[in-house]
Amino acid sequence: MRCFPPPLWCTSLVVFLSVTGALAADPYVFFDWTVSYLSASPLGTRQQVIGINGQFPGPILNVTTNWNVVMNVKNNLDEPLLLTWNGIQHRKNSWQDGVLGTNCPIPSGWNWTYEFQVKDQIGSFFYFPSTNFQRASGGYGGIIVNNRAIIPVPFALPDGDVTLFISDWYTKSHKKLRKDVESKNGLRPPDGIVINGFGPFASNGSPFGTINVEPGRTYRFRVHNSGIATSLNFRIQNHNLLLVETEGSYTIQQNYTNMDIHVGQSFSFLVTMDQSGSNDYYIVASPRFATSIKASGVAVLRYSNSQGPASGPLPDPPIELDTFFSMNQARSLRLNLSSGAARPNPQGSFKYGQITVTDVYVIVNRPPEMIEGRLRATLNGISYLPPATPLKLAQQYNISGVYKLDFPKRPMNRHPRVDTSVINGTFKGFVEIIFQNSDTTVKSYHLDGYAFFVVGMDFGLWTENSRSTYNKGDAVARSTTQVFPGAWTAVLVSLDNAGMWNLRIDNLASWYLGQELYLSVVNPEIDIDSSENSVPKNSIYCGRLSPLQKDQAQRVNFSGSQRSIFVTSRGILLALFAILVNINRLCNTKKILDSTAKAQTDLSLVETDRISEKNRDRISY
């Protein structure tokens, strides 16, 4: 770290100390990410994929509860880009959500800096590109939100942490796939299944991607279905999966031999290396409810004392078309009521089953159909059309005619239509949402900004009597839930997070064809500026607000620093104290910050090779 002259340091310290109360004690971490095309061979044939900083999958965003993330993203693709942070709630800050209802996309060749806090969250999540079908080409990576040191984790500290992405994969580019989706042919079955970007016939001289472990040790496996269409069953040969967490909720710890993980979902397992290790073991991700996909994704678990390759058949999956098994497995997930998570109070402190419901929505998805001459898909008979002006910007600047607060609470008896219809949510209301799947494949529903309690699911049509089956005590809170074909899933959610929030089907073709909507939650007692974060100073403007946009094409300015900086208010105060004691020691700033970091074990400063924080003195547009 280079030494700055005294005037600049004094100015910087004044700026840091001016940070307001809620954020003053919470660390900042800084990142520079470049999103670009790479060449890779996920299924043995060279093809173009989307990577970040030259990595596919992208780097892990490893942070701790309440840290502030400053993420400078440069778009080196040939089309606009947005990154969304699946499961990160962005408290009062939907400006950072990275979807078309809240943000103008980052043009090709430009950069944009996300600034958000992982407020009151822990757990395993992932990010991905949210526009132009780009997720089909990659661009995804993991998010780890660690507990603060003062909050005990409800299991012994693992010996290692492993992130796995299981995904269906296509050899076609995302541009060709989206054309297929727009046509009457639709999305064909995938060409294979990959694990961390490697298929069962990976390159680099190894037949499979490999996870290296030590015998007798326990590892935390964070497994994400980052695919676009296919539910997958995950298992490890001869090893149990002890489920401990899913999408920010600690669960009752139960052993599973396999787990169905649906599109967009994330799970955390503890896996103990309790075998002899005389040979390697298969890690498998196989398609569910899809007879047209024959190949499984395969990786290898390799003990350090392994004497040979994995052998024998792949571990058996559940019966391929048995949705009853999969639903019963999903129902078995339970919230750990006694454990703390982001806060010291137990997860069971929030008695969701005792709260009066203020609104009920029954949302029905149907198979794609022709509407106004184009193939579209609907929720309650409405196929969402993203306007040129993001909804959040239109709301902020009081631009009329961009959207309507009229999304129906139940399907209407009318012809399907294309529209921009938004749910008018009641701030601090408690909403029951029933997702009814009238299609023939499993759908994953995801809600940004919140975690909902998955209280029930069953086959057939939901009725008022279905509430008698709800889990009112220890349902898991998460942001993505599966809805089986010809079945329903019910969730409860407290609308305590003001903003404009995306509710979508995460299966990419469904999302692309219009199966999404937005939920507007405004605090009526105070104005939007004080209830929520104000519009970012670096906001990109488009649509009807294009005249506000300044020329930014020449302002892609990444820092030249090759090291990372970790900043806390405590560190600032110590640095200021050092300056006051001896102004001549300013050029020893690096030593001061190093000693500060050493003293902060109570802040759980997690070191990771994958964090590439950059110089904080960056000016971004």
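Predicted model: local features only at pLDDT ≥ 70, side-chain atom pairs only at ≥ 80, totals over all residues.
**Ground rules.** I number residues from 1 along each chain as its sequence is written, and I leave hydrogens and water out of side-chain values, which use heavy atoms. Local features need pLDDT of at least 70, side-chain atom pairs count only at pLDDT 80 or more, and totals for chains, interfaces and linings use all residues.

**Helix H4.** I looked up residues 323-331, helix H4 (helices are DSSP runs of H or I, at least four residues; strands are runs of E, at least two; both are numbered from the N terminus). Its buried residues are Thr323, Ser326, Met327, Gln329 and Ala330 (buried is under 20% relative accessible area, 1.4 Å probe, protein chains only). They cover an arc of only 160° around the axis, which puts them on the same side of H4 (the arc uses directions from the helix axis to the C-beta atoms).

**Sheet.** I then traced an open, mixed sheet of five strands, ordered E11-E19-E18-E13-E16 (strands pair if DSSP finds at least two bridges between them). E11 (209-213) and E16 are the edge strands, each pairing on one side only. Strands E18 (281-287) and E19 (297-303) run antiparallel and share five bridges; I found Tyr282 bridged to Val300 in E19.

**Disulfide.** How many disulfides does the structure hold? I found one (cysteine sulfur atoms within 2.5 Å). It joins Cys104 to Cys542, S to S 2.0 Å, and these residues lie 438 residues apart. The torsion about their S-S bond is about -90°, so the disulfide is left-handed. Cys104 and Cys542 are both buried.

How values were computed:
Buried < 20%, exposed > 50% of the residue type's maximum accessible area, 1.4 Å probe, protein only.
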